[in-house]
Amino acid sequence: MSLHPTLQPYADAWTHSIEAISELVQPLVEADWNRRTPCPGWSVRDVVSHVIGLDCEMYGDPRPIHTLPRDLFHVTNDLQRYMEMQVDVRRHHTAPEMTSELEYTVIRRNRQLRNETRQPHTTVRGPLGTELPLEESMRLHAFNVWVHEQDLRTALGRPGNLDSPGAHIARDALLAELPAVVAEKADAPRSSAVVFDVHGPIEFLRTIRVDIQGRGTLETAPALGPAASFALDWETFVRLACGRVTADAVADRVKAEGEPELTAAILRNFAVTR
């Protein structure tokens with residue numbers, strides 16, 4: 001195996017999620033491909049198209065030359081337009097075309113990963129022409145594919161894999177964004193702490209401490225007398241952080257304590273990806 005050891009967990013997580021996606025969509029009839037998913041504006045077909053497109057670009061394929069229609073109201077910025085290209089170009093593909101392309105893409109990517117000899121710090125192509133290290137690219141990709149697996153599971157009524165390898169990568173990715181949510185977006189008071197107590201298939205207790213300069217840091221130590229605290233299950237945490245639901249829609253699944261304006265501001269700004 002030539003893959004660098006630090007990259008292996010991301011390859012394993014991707015493999016687990018992409019195989020789950022393939023298993024989920026293989027038996028679907030044509031109508032099921034049009035089901036709405038929690039991912040704003042996207043159907044089952046659109047989510048699978050996005051996953052295929054991501055892996056084609058990870059493989060090194062050129063992006064499709066395609067003009068987006070003007071009535072895609074869920075597309076509002078350059079990044080969304082960039083992501084929509086791979087989706088819209090496949091919008092009229094049939095179920096057999098979708099499953100065949102997915103299977104072919106997985107075969108190619110598995111071969112690429114088996115033969116991968118690049119170092120983690122190697123610069124690779126990212127969205128919108130950006131460049132980023134291979135390790136970060138693979139970590140983000142494993143995270144994205146797991147989140148989209150969950151989108152498909154929700155749409156198809158097939159829950160599962162909430163504690164898979166991809167879920168653990170998602171946990172770390174989402175926790176890394178919490179300091180900015182609390183300290184910057186929600187403007188939590190300086191010299192304060194906010195606690196998140198998450199239970200379920202993945203459990204953790206984390207504290208965001210805001211220092212005197214207003215900078216937030218992630219800590220594992222609990223805080224006494226926090227300015228705010230949240231208790232919620234892992235699935236709800238993911239759906240909120242990924243912009244799949246609003247705080248109002250899951251109010252019965254989130255126990256928030258502390259200053260009402262602060263808790264509301266944190267929940268309002270909880271989504272770090274969409």
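Predicted model: local features only at pLDDT ≥ 70, side-chain atom pairs only at ≥ 80, totals over all residues.
Residues are numbered from 1 along each chain as its sequence is written, and side-chain values use heavy atoms, with hydrogens and water left out.

Helix 1 passes helix 2 in a left-handed crossing, a term for a near helix turned anticlockwise from the far one by less than a right angle (right-handed if clockwise). On the helix 1 side W14, I18, I21 and V25 take part, and they meet V48, V51 and D55 of helix 2, contact being heavy atoms within 4.5 Å. This contact has six nonpolar residues, no polar ones and one charged; Ala, Val, Leu, Ile, Met, Phe, Trp, Tyr, Cys and Pro count as nonpolar, Asp, Glu, Lys and Arg as charged, and the others, Gly among them, as polar.

Helix 4 (95–114) packs against both of these helices. Its axis and that of helix 2 come within 10 Å and cross at roughly 30°, which makes helix 2 roughly parallel to helix 4. Angles under 35 degrees count as roughly parallel, over 145 as roughly antiparallel, 65 to 115 as roughly perpendicular and the rest as oblique. The crossing of helix 2 and helix 4 is left-handed. Residues of helix 2 including R45, D55 and Y59 meet residues of helix 4, among them E101, R108 and R109. By class, this contact comprises seven nonpolar, three polar and five charged residues.

Between helix 1 and helix 4, the axes come within 11 Å and cross at roughly 165°; the two helices are therefore roughly antiparallel to each other. This crossing, too, is left-handed. Helix 1 contributes A11, W14, T15, I18, I21, S22 and V25, and helix 4 contributes T99, L102, V106, R109, N110 and L113. Eight of these residues are nonpolar, four polar and one charged.

The largest pocket has a volume of about 1400 Å³. On a 1 Å grid over the protein atoms alone, a pocket is an open set of points with protein on both sides within 12 Å along at least five of seven lines, a cavity is a set where a 1.4 Å probe fits but cannot get out, and lining residues have an atom within 4 Å of a point. Grid points are joined across faces, edges and corners, and a volume is the space filled by probe spheres set on the points. Of the 49 residues lining the pocket, L54, L79, M83, P127 and N144 are the closest to its centre. Helix 5 (134–156) is among the elements that each supply at least two lining residues, and its eleven residues form the largest share. The lining divides into 23 nonpolar, 14 polar and twelve charged residues.

One cavity of 30 Å³ or more is found in the whole structure. The largest cavity holds about 120 Å³ of space, and its lining includes P38, W146, D151, L162 and R239. Helix 5 gives the most to this lining, with five residues.

Definitions and conventions: Helix = DSSP H or I, 4+ residues; strand = E, 2+ residues; numbered from the N terminus. Axes fitted to C-alpha atoms, helices over the stretch in contact; angles between N-to-C directions.
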